Amino acid sequence: MFTHLEYIDGSSDKFWEISTNGKSHTVSYGKNGTSGQSKTKEFDSEEECEKDAKKLINEKIKKGYSEDGTSGSKESDSRISKSGKAMSKKEEEAEVSRRVKELIYSQKRELVIPFLKEFSDDHELLIRKEVKVAAKYWLPIIDLSDDPEYASDNPYAQYGRRGNKNHQMIINLLSLATFNLTEATRAPDLWMLFNERDLDFDNFKPLIWEIIQLKKPNWLLEYFRNEIRIHQPIGLGYWSLREMEDLGYIRYDAEIITHSLPDYSYTKDKSEKNSLIKKFIDDKIAIERDLNGVFEYETPLHTNYYIIDSQTAPKVEYFWLEMFKELKAHNKIDIDQILDLALETQTKNWNNNLKALFRTIIDDMDLKTDQILKHQESFFPLLHSENSTPINFAIKYLKVIIHEKDFKLEEFLNWVEPVFMRNDLKTGIKTLISQFEKLLKTDSKLKGRIIHLVSDIFMIQDLQLQEKAAKFILKYGDLNDDELSNKLELYSSSMLGKISKELKGFLPEKSEEINISLDDGTEVTETGYEYSPMYPDFLTDPIEMPENWNDVLFHIGKVLKSDDPLEMEILYSAWLQHMDSFPDDHKKQIATYVKQANARYVETYCVNNFRIFLSFLESQVQVYNKFITETKYFLAKSNNADIIGNLSMITQSYILGAVGLPLLSLPTHYPHWIDPQVLVERILKYEKQKATIYQMDLAIALNRVVPENLEGIEEKIELISSRFYRDLIKYAIGLTDNNELKNKPWLDKHTPVDKNFELYHLSLWANIARSRFPDAEFKEFENRSISKIPFFTKPFRPEFKLEPKIEKIYNYYTQSTVPQQIGTDIKAKFPSEQPNSDNFIYGLDVFQTKQNNVYWTSFIDASDIKFMHSIMPLNTEPLELVLLINVNGVSTWNNSATAKFTERMLSPHYRMSYNSAIFIATCMYDKSKPGRAMMVELFIQAILENRMPVKEIGEWLGFLISNNYGPLNRVTDILGQVKDVSSKHNQALIQLLTTLINKVDIADKMPNGFKKNLGNTF
């Protein structure tokens, strides 16, 4: 039973309907034109359900509901309509609406045509409106857990549609009959009406045809074009479209017809192949009009295939390869025309698999020499392809005719020139050199031109290929050819092995002495390389602080666009220093920036702590807690990166307490250095205002302060009332080398209150000690409560080992998960996380996580890396160790963190540590090209500055190579680009390679690619 009632009176325009289904009924209600709300009720029997439904109907009628919405009893209205009297327009519209709902609810497709014949001419707009409402109710995927009538029996299938396939079909058929083009394009499921892949399509196809014949929608062609762009292919088969064309439902359209061809054999049933092909090749229109469209429009023809003997030896047969074989066998196609069209597809920006299909079609033609000669100019454009495969394909055919009399050699040489400079065409280049040798034996007319082409090979870093080119030049080259000499001189720095010596006769003489021009213009003669780093002054680039509200407001925008956390720290202190002069509406002015920050949510420390800080600035009521990563199992936990949140909370507390002083840790000079004079002045101001000195703020400041600008500093330090602070600063800037630890600390009013003061006291001294003396061991720190923390008493240098990295990979062919090695994993035994004073920065991140994996770099971005470096700038060994395991652990991982940290290593102030060598060695295996490019830049600059530990890097490379850590060609690519930058760089590389070769463990055989890669480069 189904009853639909409406109530239309004044401002009211609503509906109420009920439908019974066995032992349950569903009541739907709401405003007309909406899907409303639904409630389902269960009963013990069908009779009880029917009785309750009738009761509810009578109650609604008494309240004024009726079938057409007018007040009065349902019985009287029904009698009028059943008596045969003409209904009013309003009554008729209500009847049509009710009938649309009943039709869809009935799920009976056969009732669609009678309904349309009866109502569609006069009520098309109303039917269209009701169909849209019905589509919103029946077709969207929703949470069905609260809708038991439509919920699935599967407890895990919570989401689904109220409507089934029949509901969908009736809605689509009514849409086809009443919609215009715009509405049809917006209907998300209408395309399924024309989906010939549907096994039920043949059953409802006559119904679709009858509706088209009845309503004659004029938008079908344009609709199909739109669907091609969305769904490609459209789903409607070739013969169905031809039938629609014959019946006059649509006009011929080459693009639409062509896009129907990939669905021609969608069944993938090999037994039907022959009959399908025969039907096509016997059809004159298909062959003469439609076939060539596959070369004009990009389609997924390559997806039509059959799998033969899939259980034992899988073999794929492509339907359209078979089609073209049969077309050729039955002389149904013009071979010359198809060949030109197929070759033209190779120059288009199409799917590579589709282009491969057309290449196979050409191969199956079994072309003879005269045919290739005839079409040689169609092969030439392939030589300029972006992808190497079409080029090698063209070379395969052109080598057959290169010696023929009618071959257009000069035109070919114009096309082939770029090939000799491409690193991905080594096999094709070798083939061409061999053919050129044969050619020059009989025809030397274009010898000079050919030799100049071959000389371009020296751009390619491949020893075997360069040796072949050198032999060719030595055999056929002219020593008096100035153009050749100039080209070879240009490429001389790229020549590998002994090739430059072999071609010495072709190269102009040059001086052995190499000079370098220094910044001041002085030229010095180079000497050999020696690791002896000398660091420039620190305090050379002062930071300019915002001076007023406009500057501060501008700086907020700057922080949002920057990945440098220093900009955040500048903002923190600028706000503190100028907040007394801010305008009254300053909170309102930053609202836009708060909105931008909130829209930028990502789980990284710097970004999110700044977002939280801006939200605090809008309210300024209480301190907002720092950002804590929400990732489970601490996959991205970094206590060092988390410190930016501590600085944010300190700043917030100072704002609430009206402390108008900059943070102690604010750098005075780029990128992160603090002038000791300024640090002393800040502490004096804090003491004068009796402001709290936070432990973490002081710890970072002491790590960043440098021993420069010390004139008069001792007298100024003595003005600090706390002896504790005085001694810490003297130790930090090198006025003393003694860390005078006492059993009891100096407790005075300026010393921060701490539950465990020993932690605070010891960690600050240990922090400074580790900054100033990275390699030292401090006996006085032993036997303390936190002595087990890495780097506290001595450097933490674990043993590294390499193990296969195994992950479970899903095999789609076998439909099973199998363990597979994805790379080699660097392992180091870290201690478990120790109880720590947050002030000992060097040990915060050196602990064993639950698992080391690539997710770490998903939550630690460039700004976090820069901040972590900035809080320990004088000793980066702990940070390198953490990055080594979490970022460079597996060479197959690809991330940006490596390149970002390498960028920090470019600074002339960067001090290479014990771990720098292995970190650099693993960075040389970086999967990303930008990462390796940054490593090349580091090698060039650090060698020039005598601060690259090449011997240690060579030792670690030997260790990594011996254990097959990653592709060796990545390493040799970097070293090859450093080679010949200068004699100094070559000397450094010799030292690196010497230690590398001595370190490589040659057991039963050399490591994979070892001899070939080093030989090709050096």
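# Close-up views of a predicted model

Figure 1. With a relative accessible area of 30%, Y318 is partly exposed.

Figure 2. The side chains of R98 and E102 form a salt bridge, in which the closest N and O atoms are 2.5 Å apart. Both residues lie in helix α3, which runs over residues 89–106, and they are four residues apart, which is about one turn of the helix. Is R98 buried or exposed? R98 is buried, because its relative accessible area is 16% and the word buried is used for values under 20%.

Figure 3. R99 forms a salt bridge with E118, and here the closest N and O atoms are 3.3 Å apart. Because R99 lies in helix α3 and E118 lies in helix α4 (residues 112–138), this pair ties together parts that are 19 residues apart in sequence. R99 counts as partly exposed at 24% relative accessibility, and E118 also counts as partly exposed, at 47%.

Figure 4. The side chains of K475 and E437 meet in a salt bridge, with a distance of 3.7 Å from N to O. This pair links distant parts of the chain, since K475 is in helix α23 (residues 463–476) and E437 is in helix α21 (residues 426–442), 38 residues apart. K475 is exposed, with a relative accessible area of 53%, whereas E437 is partly exposed, with a value of 23%.

**Figure 5. A network of salt bridges.** Salt bridges that share partners join six residues, namely D121, E124, R128, K132, E183 and K215, into one network. For the structure as a whole, the count comes to 42 salt bridges.

**Figure 6. The surroundings of Q435.** Helix α21 also holds Q435, a residue that counts as buried at 9% relative accessibility. Which residues does Q435 contact, leaving aside its neighbours within four places in sequence? Q435 is in contact with K399, I402 and H403.

**Figure 7. The surroundings of Q991.** Q991 is found in helix α45, which spans residues 983–999. When its neighbours within four places in sequence are left aside, Q991 is in contact with Y529, V950 and K951. The residues Q991 and I953 are 38 residues apart in sequence, and in space they lie 9.8 Å apart, taken from C-alpha to C-alpha.

Figure 8. The structure holds 46 aromatic pairs. One of these is the pair of F407 and F412, which is tilted, with 5.4 Å from centre to centre and 55° between the planes. F407 counts as buried at 8% relative accessibility, and F412 is buried too, with a relative accessible area of 1%. In another part of this view, ring pairs link F773, F778, F781, F792, F840 and Y842 into a cluster.

**Figure 9. Charged side chains over aromatic rings.** The charged end of K279 sits over the ring of W239, at 4.4 Å from the centre of that ring. In a second example, R911 lies over the face of Y535, and the distance to the ring centre is 5.0 Å.

**Figure 10. The whole chain, as a setting for the close-up views.** The chain contains 46 helices and twelve strands. Of its 1018 residues, 52% are buried. The chain exposes about 49400 Å², and carbon and sulfur atoms supply 47% of this area. How many of the contacts between residues at least 6 apart in sequence join residues at least 24 apart? Among these contacts, the share that joins residues at least 24 apart is 69%.

Notes: Residues numbered from 1 in each chain as written. Predicted model: local features only at pLDDT ≥ 70, side-chain atom pairs only at ≥ 80, totals over all residues. Heavy atoms only, no water. Buried < 20%, exposed > 50% of the residue type's maximum accessible area, 1.4 Å probe, protein only. Salt bridge = Lys/Arg side-chain N within 4 Å of Asp/Glu carboxyl O. Helix = DSSP H or I, 4+ residues; strand = E, 2+ residues; numbered from the N terminus. Contact = heavy atoms within 4.5 Å. Phe/Tyr/Trp six-rings, centres within 6.5 Å; stacked < 30°, edge-to-face > 60°. Lys NZ or Arg CZ within 6 Å of the ring centre and 35° of its normal. Areas by Shrake-Rupley, 256 points an atom, 1.4 Å probe, with all protein chains shown as cover.
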